[in-house]
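Keep the structure open while reading.

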Amino acid sequence: MGFKCGIVGLPNVGKSTLFNALTETAAAQAANYPFCTIEPNVGEVAVPDRRLETLAKLAKSAQIVPTRLTFVDIAGLVRGASQGEGLGNQFLANIREVDAIAHVVRCFEDTDVTHVEGRIDPIADIETVETELMLADLDSLERRVDGLSKKTKGGDKEAKEALDLISRALALLRDGKPARLTERKPEEEKAFHMLGLLTSLPVLYVCNIEEASAATGNAFSQQVEAKAKAEGAAAIVISAKIEAEIAVLSRDEREDYLAAIGLKEAGLDRLIAAGYALLHLVTFFTAGPKEARAWTVTRGTKAPQAAGVIHTDFERGFIRAETIAYDDYVTCGGEAGARDAGKMRLEGKDYVVQDGDVMHFRFAN
């Protein structure tokens, strides 16, 4: 099960610098963590999780395999992209394939790096990108209305429901608001997702600031954070330059470097964790002598579907899940201790996987 986070932004905001730092970090960790560059603008990175190392020690695992996120460096967008300007068509095609958007916003001044709009205004930059995405969504939905209207007149119930959902989204878009704000019932979520709207994707604003403000942020990043809070989105502050510098350092060297400039953790670690949270993902673990491994599922996933992430046969023949909460696993010194202490639970098909569960699936061949 793959989860993709698209990195978007106007040209010269530090988007590719950030992506390159991500992939360099992953490459530097390759001795411990699997990493691959699927194509030049796609990279998979390990989601940092200290629990995994603890589990590996207790289970005496020979290998550690973290869960991963895929980051996609999407071609820079310019005003008019929805009409095909710049690499508009490529941009829109790529962004439709991701699960969430990390929107890199320029929050630094540098006369050596030109701004495509000729000024530093992060809120205006956000609005430029969002406007192009909204225009693309408007065009996509408006082209569907006539066909659905005809079907509705013929008594097509599904067409009527789809048209009602589209009408609600169109009302927001025409008012300059993203489709993600569309009010919908839980049972409409699947149909809404199938509309493939660009502005329905969850957004994380990444404020790229100068090195001197990496620990505190600046006036520009504060504007972005205020906007994110007002619309229920997330925002983090990061210095792409710093991330590029520390990307190839060892863990100890990186920690020393960060401590020297007043940072507790790398911005990329925060970016990865924020992307994980943005997609409403949780982690469950499997641990044994061969490997300690983290697995990614969306919040609310039931045990059989979680088993299917490991192998489709596990879901098909699911019997039960032997489950230990992470804290209990650690407190009891591992699986045997947890079982002896009565902390291992046998969970059935309706069990909803919780973040940190250590699981062993029983299934019939």
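## Charges over rings

A charge sits over a ring if NZ of Lys or CZ of Arg is within 6 Å of the ring centre and within 35 degrees of the ring normal. The model examined here is predicted. In this model the charged end of Arg184 sits over the ring of Phe192, 3.9 Å from the ring centre. Arg51 lies over the face of Tyr326. Here the distance to the ring centre is 5.9 Å.

## Aromatic pairs

Ring-to-ring contacts come next. The count is five aromatic pairs. One aromatic cluster is formed by Phe284, Trp295, Phe318 and Phe361.

## The largest pocket

The largest pocket has a volume of about 1,000 Å³. It is lined by 34 residues. Closest to its centre are Asp99, Arg184, Ser200, Leu201 and Pro202. Arg184 is also the residue whose charged end sits over the ring of Phe192.

Which helices each supply at least two residues of this lining? Helix 4 and helix 6 (189-194) do.

## Cavities

The whole structure holds three cavities of 30 Å³ or more. The volume of the largest cavity is about 60 Å³. Its lining consists of Ile101, His103, Ile126, Val129, Glu130, Leu133, Val203 and Tyr205. Strand 6 (100-106), helix 4 (122-153) and strand 7 (203-208) are the elements that give two or more residues to that lining.

Which element gives the most to the lining of the largest cavity? Helix 4 does, with four residues. Helix 4 also supplies at least two residues of the lining of the largest pocket.

## Cysteines

A disulfide is a covalent bond between the sulfur atoms of two cysteines. How many disulfides are counted in this model? The count is zero.

The cut-off for a disulfide is 2.5 Å between the sulfur atoms. Cys207 is buried, because its relative accessible area is 0%. Cys5 has a relative accessibility of 1%, so Cys5 counts as buried too.

## Helix 10

Helix 10 covers residues 267-278.

Which residues of helix 10 are buried? They are Gly267, Leu268, Leu271, Ile272, Ala274, Gly275, Tyr276 and Leu278.

His280 follows helix 10. His280 is found in the loop between helix 10 and strand 9 (281-287). Phi of His280 is positive, about 55°, although His280 is not a glycine. Is His280 buried or exposed? With a relative accessible area of 53%, His280 is exposed. The cut-off for exposed is over 50%.

Lys60 is found in another setting, the loop between helix 2 (50-59) and strand 4 (63-65). Phi of Lys60 is near 55°, a positive value in a residue other than glycine. Lys60 counts as exposed because its relative accessible area is 67%.

Technical notes:
Residues numbered from 1 in each chain as written. Predicted model: local features only at pLDDT ≥ 70, side-chain atom pairs only at ≥ 80, totals over all residues. Heavy atoms only, no water. Expected span 1.5 Å × (residues − 1). Buried < 20%, exposed > 50% of the residue type's maximum accessible area, 1.4 Å probe, protein only. Phe/Tyr/Trp six-rings, centres within 6.5 Å; stacked < 30°, edge-to-face > 60°. 1 Å grid on protein atoms, 1.4 Å probe; cavity = no way out; pocket = protein on both sides within 12 Å on 5 of 7 lines; lining within 4 Å. Points joined across faces, edges and corners; volume = space filled by probe spheres on them.
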